[in-house]
Amino acid sequence: MHSQRDLAARNHWKFKGWILGGTVLASFAAGSILTAYLTQVKQVRADSNRVFELRVYHTVPGKVPALESIFRDVAKLQDKYNVSAIGYWVPNDDPDWANTFICVVAHPSREEAKKNWDALHADPAFPELRKQAAPLIERVQDGYRVDEVFMRPTDYSAMK
């Protein structure tokens with residue numbers, strides 16, 4: 001009887017060993033499949049032509065606060081003409097950027113950007129705002145020192 005009990009105990013532990021081994025193997029396989037899915041390289045999708053426009057206004061020394069004040073009114077007009085400002089910034093603590101005012105705008109496409117800017121510039125209130133801002137921005141040859149660049153979001157960007 002003693003040997004029959006030993007045999008039953010051994011078979012019981014052998015059976016549990018197979019269950020444990022099978023569970024470990026199934027967990028490993030599921031984890032491997034999940035890891036492969038989550039880490040696969042995803043192709044950049046061109047779902048839209050959305051672009052962002054970075055605008056850096058270089059002001060006459062000390063005139064950033066005055067330009068910032070004018071942009072409070074410009075921002076209202078931008079909303080009216082679907083020029084969607086993401087934000088406005090004034091750099092801190094870096095003397096190389098002391099006289100800059102920065103704006104980032106989102107557009108559905110480059111074409112929409114042109115259309116919306118043209119509409120904003122045609123608004124009867126805009127020329128007065130431009131007239132107020134003109135003496136605050138550095139002059140460069142026949143224009144003003146405003147850096148403008150259109151950017152596309154990367155596939156890993158939080159904002160698209």
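Predicted model: local features only at pLDDT ≥ 70, side-chain atom pairs only at ≥ 80, totals over all residues.

User: What makes Phe71 and Phe101 an aromatic pair, and of which kind?
Analyst: Their ring centres are 4.8 Å apart. The limit is 6.5 Å, so they pair. The planes stand at 40 degrees. Under 30 would be stacked and over 60 edge-to-face, so this pair is tilted. The pair links distant parts of the chain: Phe71 is in helix 2, Phe101 in strand 3 (residues 100-107), and 30 residues separate them.

User: How do you know that Phe71 and Tyr88 form a pair?
Analyst: The structure holds five aromatic pairs. In the pair of Phe71 and Tyr88, the centres lie 6.0 Å apart with 55 degrees between the planes. That distance is within 6.5 Å, so they pair, and the angle makes the pair tilted.

User: Why does the pair of Phe71 and Tyr88 tie parts of the chain together?
Analyst: Phe71 lies in helix 2 (residues 64-80) and Tyr88 in strand 2 (residues 84-89), so the pair joins parts that are 17 residues apart in sequence.

User: Which residues do ring pairs link into a cluster?
Analyst: Tyr57, Phe71, Tyr88 and Phe101.

User: What makes Arg55 a charge over a ring?
Analyst: The charged end of Arg55 is 4.4 Å from the centre of the Trp117 ring. Arg139 lies over the face of Tyr144, at 4.5 Å from the ring centre. That is also within 6 Å.

User: How do you know that strand 3 is mostly covered?
Analyst: Eight of its eight residues are buried. Thr100, Ile102, Val104 and Ala106 point one way. Phe101, Cys103, Val105 and His107 point the other way. In a regular strand the side chains alternate between the two faces of the sheet.

User: What makes strand 3 a partner of strand 1 and strand 2?
Analyst: Pairing takes at least two bridges. Strand 1 (residues 51-58) and strand 3 have eight, so they pair, in the antiparallel sense. One of the bridges sets Phe52 against Ala106. Strand 2 and strand 3 have five bridges, so they pair too, and they run antiparallel. There, Ala85 has Val105 as its bridge partner.

User: Why are strand 2 and strand 6 called edge strands?
Analyst: Four strands form an open sheet in the order 2-3-1-6, with antiparallel pairing. Strand 2 and strand 6 (146-151) each pair on one side only. On average, neighbouring strands of this sheet are turned by 15 degrees against each other, direction ignored. Strand 6 is joined to strand 1 by six bridges. Tyr57 stands opposite Val146 in strand 6.

Notes. Residues numbered from 1 in each chain as written. Heavy atoms only, no water. Helix = DSSP H or I, 4+ residues; strand = E, 2+ residues; numbered from the N terminus. Lys NZ or Arg CZ within 6 Å of the ring centre and 35° of its normal. Buried < 20%, exposed > 50% of the residue type's maximum accessible area, 1.4 Å probe, protein only. Axes fitted to C-alpha atoms, helices over the stretch in contact; angles between N-to-C directions.
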